[in-house]
Amino acid sequence: MKIAIDTFACDSGKSGFGSYLFSLTESLPAGEGMEYMLFGAPLDRYTYSNEIPFKEVRCGDSMNAKRFWHNFSSRAFFKKNNVDAVLYPAAARLLPGHFPIPGAAVLHDSLSMILAKAKFAHRLTLRGFERVQKIIVPTNFIKNDLLGLGFDGKKICVVRHGIDHNVFYQRPLEDQTMVSVKPFAIKRPYIIYPSSVTGEGKKHIELIRAFEIFKKRTGAPHRLVFAGSEGAWAEQVHKAAFDSSFASDIFLTGFFPREGFSLLCSGADACVFPSVQEGVGMPIVEAMASGVPVAAANAGALPEISAGKAVLFDSDNLEEMADAIETVATNDKARKKMIVEGLAWSKKFNWKDTAQKTVKILQELV
């Protein structure tokens, strides 16, 4: 059996989609009669696993050109390469409207939130999800959203994302005063929010306000570090940080290279994750695996993915968020308990299981 994996729309590894694909391809199970193939833009040839053959597709750089290829040229491509099943890891961005080759679409977020943007491209995406043979989702939150939209539960498979425990683990820090991760040197102690600065629902500005309350209330020396790529919402967040009375304690790194992010995470005293639009929220599990206590929004998939191992708060209630920050950053008794429980919970997430379950779903399609 030959499985083809689509690398289009995964941002060449520089996003959550890309990180998912990178980790999945590193953990694909070997087996007699099993073959894998990656296909996508020439730029992706050296982005993911060097052990898996890569087939270049030259169809143009625009999203419309990629959609055209997926809908009108992919069938001949799959036939030529003897493909039996196809995995679409960034299905919310790019998914055909018909499937002559059995396919499974990975959906990393609430489809309702995606469709609410009401763009024509998203209507095409809805048609793809309606017609694809299987939909793989990482949380019951996303599954329930699909059920609410009228999808057949038999085509929805819940497969948790994994984390790389060779990368995210509790480690002793050589320097207790500073974390040096090129090109940054960040003074400790600090609180980290590892998320892209891409929209109002990420609640970066609310976190800045709650951080101010926390600082005024406690006089704690902590800094606030935003670690994530910047999008359309970045200008507003930068302005809020600049205007803050604690501007000197707020730091935005922009996109952080994968190889250094785990060290940055493990150096934090706490992780605070106020986003209300998460279909998964894996950074909080990565923080737990790093021995970092977590506070998170009581919204989206975060209560499910944290499983009672994090302090939950209302992201629109700044005092409540400030209380949560104080607990995870300064309450030693609570911190010790959360670290132990978080480490144990994070061990339930691994890429080997994720890859095996994903491949099994594709095998059952053929």
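**Close-up views of the interior and the cysteines**

View 1. The largest cavity has a volume of about 30 Å³, where a cavity is a set of points on a 1 Å grid over the protein atoms alone at which a 1.4 Å probe fits but cannot get out, and a volume is the space filled by probe spheres set on the points. This is a predicted model, in which local features need pLDDT of at least 70 and side-chain atom pairs count only at pLDDT 80 or more, while totals for chains, interfaces and linings use all residues. Residues are numbered from 1 along each chain as its sequence is written, and side-chain values use heavy atoms, with hydrogens and water left out. Lining residues, which have an atom within 4 Å of a point, include His70, Ser74, Tyr88 and Phe99.

**View 2. Phe129 in the largest nonpolar core.** This core, a set of buried Ala, Val, Leu, Ile, Met, Phe, Trp, Tyr and Cys residues joined through side-chain atoms within 4.5 Å, has 124 residues, and Phe129 is among those with the most contacts inside it. Leaving aside neighbours within four places in sequence, Phe129 is in contact (heavy atoms within 4.5 Å) with residues including Ala91, Leu107, Phe151 and Lys155.

**View 3. Cysteines without a disulfide.** A search of the whole structure finds zero disulfides, meaning pairs of cysteine sulfur atoms within 2.5 Å. The sulfur of Cys271 lies 6.2 Å from that of Cys265, its closest cysteine sulfur, which is too far for a bond. Cys271 is buried (under 20% relative accessible area, with a 1.4 Å probe and protein chains only), at 0% relative accessibility.

Notes
1 Å grid on protein atoms, 1.4 Å probe; cavity = no way out; pocket = protein on both sides within 12 Å on 5 of 7 lines; lining within 4 Å. Buried < 20%, exposed > 50% of the residue type's maximum accessible area, 1.4 Å probe, protein only.
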